Amino acid sequence: MNREPFSNAEYYHVYNRGVDKRTIFSDRYDVDRFLKSMDLFNVVAPIGSLYLQAFDKQPDPKRKKLVDIVAFCLNPNHYHFILKQRVDRGIPEFMKRLNGGYTLYFNIKTKRSGALLQGTFKSRHIFDNDYLLHVSAYVNLNDKVHQLRGETSQLICSSWLEYTQAAKGLCRTGIILDQFKNKKEYEKFALEALPQMLQRKREEKEIASLLME
């Protein structure tokens, strides 16, 4: 697939899912491993072996990063990010390391081989600020958009608490939150957008079912 080149200082909605819609996070350790990879692999300098990285060590906070992570959601069989590219080819390099390293780990753990994810990754350029704000709500509340419940919900991890509470994490939340008076105002904005997102999801499913008839 030919992809338009990513531009520095621009925002992108990046997402992918398991091949054949399979589960890619089977337990909480998988989720934590992926989160640690998001932090560890986000560095311009070469990192050596993806599998043999020292995951018990903290990355240098002064390191030069490939991307800014604005928001994310990890669901059992797919993920969403909002990324801002900091250096040339920052997003492709970050995603290559993240997907490659995690696939290698998952395959060794589960004694499987082959692709874990559906291709490299998908992306959409976020072309204006209004779109950025609404995509942030979509990503932060993605588990609610998909209405994931029960045991499945325990494998969900997103930046929602970074945006609505005092939780610290991987994201540059100020890019979004500085446009609101406080976190409560952002929470209200995102939750008010949720019904429209749910309606759109229902419409997409209806269209998909019609096309299969």
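**Sheet, helices and buried side chains**

Y186 and F189 stand 3 residues apart in helix 7 (residues 183–212), which means that about one helical turn separates them. The model in which they lie is predicted, and for that reason local features are described only where pLDDT is at least 70 and side-chain atom pairs only at pLDDT 80 or more, whereas totals for chains, interfaces and linings take in all residues. Residues are numbered from 1 along each chain as its sequence is written, and side-chain values rest on heavy atoms, with hydrogens and water left out.

Helices and strands are taken here as DSSP runs, numbered from the N terminus, where a helix is a run of H or I of at least four residues and a strand a run of E of at least two. On that basis the protein has 7 helices and 5 strands, and these follow one another along the sequence as β-α-β-β-α-β-α-α-β-α-α-α. Of its 213 residues, 46% are buried, a word that stands for a relative accessible area under 20%, with exposed kept for values over 50% and partly exposed for those in between (1.4 Å probe, protein chains only). Contact means heavy atoms within 4.5 Å, and among the contacts between residues at least 6 apart in sequence, 69% join residues at least 24 apart.

The 5 strands form an open sheet in the order 4-1-3-2-5, with antiparallel pairing. Strand 4 and strand 5 (157–158) are its edge strands, each pairing on one side only; two strands are said to pair if DSSP finds at least two bridges between them. Helix 3 (residues 129–140) lies across strand 1, strand 2, strand 3, strand 4 and strand 5, and runs at about 150 degrees to strand 3. For these angles, axes are lines fitted to C-alpha atoms, for helices over the stretch in contact, and the angle between N-to-C directions runs from 0 to 180 degrees.

Strand 1 (residues 11–17) is largely enclosed by the rest of the structure, because 5 of its 7 residues are buried. Antiparallel to strand 1 runs strand 3 (residues 78–85), joined to it by 7 bridges, and Y15 stands opposite H80 of strand 3. Strand 4 (residues 122–126) is also antiparallel to strand 1, with 5 bridges between them, and R124 in strand 4 is the bridge partner of H13.

Rings of Phe, Tyr and Trp (its six-membered ring) pair if their centres lie within 6.5 Å; planes under 30 degrees apart count as stacked, over 60 as edge-to-face and the rest as tilted. The structure holds 17 such aromatic pairs. One of them joins Y102 and F106, which is tilted because the ring centres are 6.0 Å apart and the planes stand at 35 degrees. These two residues are 4 residues apart in helix 2 (residues 90–110), so about one helical turn separates them. Y102 is buried, with a relative accessible area of 2%, and F106 counts as buried at 2%. The pair of Y186 and F189 is likewise tilted, with centres 6.1 Å apart and planes at 45 degrees, and Y186 counts as buried at 0% relative accessibility. Y102 and F106 also belong to one aromatic cluster, together with F25, Y29, F34, Y79, F81 and Y105.

N42 is buried, at a relative accessible area of 3%, and its side chain reaches the backbone oxygen of V67 at 2.9 Å. Leaving aside neighbours within four places in sequence, N42 is in contact with R63, K64, K65, L66, V67 and F94.

Notes: A polar contact is a pair of N or O atoms within 3.5 Å; within protein, one must be able to donate a hydrogen and the other to accept it, and residues adjacent in sequence count only if both atoms are side-chain atoms.
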